[in-house]
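Visitor: I am new to this structure and would like to learn how to read its features. May we go through them one by one?

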Amino acid sequence: ILLYGPPGCGKSLGAKRLAWNTGLPLLKVRFDALISSYFGESAANLRSIFKAAKERPCVLLLDECDFIARSRTNSRDIGEASRIVNSLLQLMEEYDAPGLLVATTNIEDALDSALFRRFDDVFQIHPPGPNEIEKLLQTTLSAVKCSDKIVWTDIVKRLHGESAAMTVKAAQDAAKASVLSGEKVVTDKLLITAISELKRADTHDTRD
């Protein structure tokens, strides 16, 4: 299964949920630990991971797989980068382990075209809509007291087009602010402030 979409939309969480629902352990590949500067060692590390997945049923998560699966056509590196893409394609072609293999990416256009044919299903994960945003806010704030005067439709509009991760972070920040203020009640003012600060920080990071 390949899940693609913008950052923070819930791709990794979706993979974790698949593991939870199936009762399978989650084996998450850390590509920063997998890649080696030694000739051929990265591909050997990748083969070891796939071998481990065959020995024990699991959900094998290749998170941000574009880290190693970028298109060989556009890549200027004809050495180790191309070899590890070839190894990944071969391993996926032969993959018959009990369990699930889930890959995620934020930049599906950069993936090697041959990789898409290795998946049984490819799903685009969109940013949350109005109903999802409201549910995310209320679920995140379920353990704290919220003011009866909050106009949720207004808060949802302010988060339109934003990621699920930002929505959850805004609710968490507002909850923390309510505790620090001593009121211990989340208000629309606290939520609006949290959203504004996150957007400001996001804009600043983008400019940098």
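Visitor: Is Glu93 buried, partly exposed or exposed?

Guide: This is a predicted model, and the values discussed here are computed from it. Glu93 has a relative accessible area of 53%; because the exposed class begins over 50%, Glu93 is exposed.

Visitor: With which residue does Glu93 form a salt bridge?

Guide: In general, side chains of opposite charge can pair when their charged atoms come close. Here the partner of Glu93 is Arg118, and their closest N and O atoms lie 3.0 Å apart. The pair links distant parts of the chain, 25 residues apart: Glu93 belongs to helix H4, whereas Arg118 sits in the loop between helix H5 (113–116) and strand S5 (122–124). Arg118 is partly exposed, at a relative accessible area of 24%.

Visitor: How many salt bridges does a search of the whole structure find?

Guide: The search finds five. One of them joins Lys28 to Asp63, with 3.5 Å between the closest N and O atoms. This pair, too, links distant parts of the chain: Lys28 is in strand S2 (residues 26–28), and Asp63 is in the loop between strand S3 (58–62) and helix H4 (80–93), 35 residues apart. Lys28 is partly exposed at 44%, while Asp63, with 11% relative accessibility, counts as buried.

Visitor: Which side chain meets that of Lys169 in a salt bridge?

Guide: It is the side chain of Asp173, at 2.9 Å from N to O. Both residues belong to helix H8 and are four residues apart, so about one helical turn separates them. Lys169 is partly exposed, with 36% relative accessibility.

Visitor: What span should helix H8 have, given its residues?

Guide: Helix H8 comprises 17 residues, 164–180, and at 1.5 Å a residue it should span 24 Å. Its end C-alpha atoms are 25 Å apart, which agrees with that expectation.

Visitor: Which residues of H8 are buried, and which residue with a positive phi follows the helix?

Guide: The buried residues of H8 include Ala164, Met166, Thr167, Ala170 and Ala171. Further along, Ala174, Ala175 and Ser178 are also buried. Gly182 follows H8, and its phi is positive, near 90°.

Visitor: How many disulfides does the structure hold?

Guide: As a general idea, a disulfide is a covalent bond between the sulfur atoms of two cysteines. This structure holds zero disulfides. Cys9 is buried, with a relative accessible area of 9%, and Cys58 likewise counts as buried, at 4%.

Terms used
Residues are numbered from 1 along each chain as its sequence is written. This is a predicted model: local features need pLDDT of at least 70, side-chain atom pairs count only at pLDDT 80 or more; totals for chains, interfaces and linings use all residues. Side-chain values use heavy atoms; hydrogens and water are left out. Helices (H or I, at least four residues) and strands (E, at least two) are DSSP runs, numbered from the N terminus. The expected span of a helix is 1.5 Å times one less than its number of residues. Buried means under 20% relative accessible area, exposed over 50%, partly exposed in between (1.4 Å probe, protein chains only). A salt bridge is a side-chain nitrogen of Lys or Arg within 4 Å of a carboxyl oxygen of Asp or Glu. A disulfide is a pair of cysteine sulfur atoms within 2.5 Å.
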